[in-house]
Amino acid sequence: MIYRQLGRTGIKVGAVALGCEGFTGKTEQQAREMMDFAINNGINFIDIYASDPKVRSAIGTSLRGRRDGFVIQGHIGSAWKNGQYERTRDVAEAKASFEDLLNRLETDHIEVGMIHYSDEEADYHRIFEGEFIEYVKSLKESGTIGCIGLSSHNPIIARKAVETGLVDVLMFSVNPCYDMQPPNEDVEQLWADEVYERSFHNLDPDREILYELCAREGVGIDVMKVFAGGDLLKADLSMFGKALTPVQAMDYALSRPAVAAVMAGCKTVDEIRQALAWCDASDAEKDYAGVLSNVEKCTWSGHCMYCGHCAPCPKGLTVANVNKFLNLALAQGEVPETVREHYRLLPHHASECIACGACEKRCPFGVPVREKMKQASRLFGL
Ligand code: SF4
Ligand code: SF4
């Protein structure tokens, strides 16, 4: 397992983590087997958005006796009413549901208290300008939650939430299909059939701004919907006309700035094994560039996708990392100290580029790497 910092929280999480949907309909024994396999393979992080008492109890019993060292992200505002899931902003309902979650998990605290998803402007205001956020803050003050998170599919809302300074962790839908699409209050639009008929050009700027903002502010992103509901894994359903493998889709998400972990919604031990394959995959197996480039309806030009396809460089430069720091600094309009320091720690710097152009021949996205290296060298003075 590869462990990463979950932003500024100080928590270290495995890059491959669990969603909770796979525990639906599982017996205690089956849930225990899944958790055994996950923990034995280094997984230490789970997201629990489910309000279904059976799912919560199955996870709780499967974690019995090994709660310490396990990082739980539990949702606040996901309720169970009349035998069904419902999102709520009613504080009394949210409180009852959250207390139920703690009871069923057999714990008195969780590490990340995740405000259950917000995609609409009106809902954002309901949360952050009312009693709801006061309740969430009180949970943090009492130590019942270690930090505050928010889940969203809308980069505009997610950005507003991050800009409050209250949110340390963002759960966001990250995959190359959604990354090309403009923000929308209606999450259904992300996977509507019409979307796949349109043409797209480059990353949606609002998503890019969000990732870079999170990286700058130390807000850790954990990823949902990494496979776009499975569409990305099937050539006939993917907007790229080619299938990504699970490892490629995970690597795409894990290469975005600020992303710490992918919450894989595995339903079986075998699916957990498939997600874990990312940890030992070779660079060739992780390479998503071939699927995303040369697609008629989707063009990415001049824009670094951090895919690493341009390697090797005769001077040992890791172009993707240089570009990542360059983009972070450019987005900020100045070079933040943290970015400067991270850049300085790279084993090789842009100033070492001899402009041989070998990288540009290999870049599937037409990035003018030589120009970028010059720019980075000027900006960082190194
Ligand atoms: S410069 Fe091109 S090949 Fe290199 S990481 Fe960026 S997109 Fe990939
Ligand atoms: S142009 Fe610069 S960054 Fe690209 S391969 Fe040559 S030396 Fe490396």
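The protein contains 16 helices and 14 strands, with helices (H or I, at least four residues) and strands (E, at least two) taken as DSSP runs numbered from the N terminus. Its radius of gyration is 21 Å, close to the 21 Å that the globule rule gives for 382 residues, so the protein is as compact as a globular protein of that length; the radius is taken over C-alpha atoms, and the rule is 2.2 Å times the number of residues to the power 0.38. This is a predicted model, in which local features need pLDDT of at least 70 and side-chain atom pairs count only at pLDDT 80 or more, whereas totals for chains, interfaces and linings use all residues. Residues are numbered from 1 along each chain as its sequence is written, and chains are lettered from A and ligands numbered from 1 in the order in which they are written.

The protein is divided into domain 1 (3-287) and domain 2 (319-380), bounds that come from an automatic or database domain assignment. The centres of the two domains, taken over C-alpha atoms, are separated by 30 Å. Five residues from domain 1 and six residues from domain 2 form the contact, where two residues are in contact if their C-beta atoms, placed from the backbone, lie within 7 Å.

Ligand 2 is surrounded by 15 residues, the closest being Cys313, Cys353, Cys356, Ala358 and Cys359; a residue is near a molecule if its C-beta atom, placed from the backbone, lies within 6 Å of it. Both α15 (358-362) and α16 (369-380) supply at least two residues of this shell, and α16 gives the most, with three residues.
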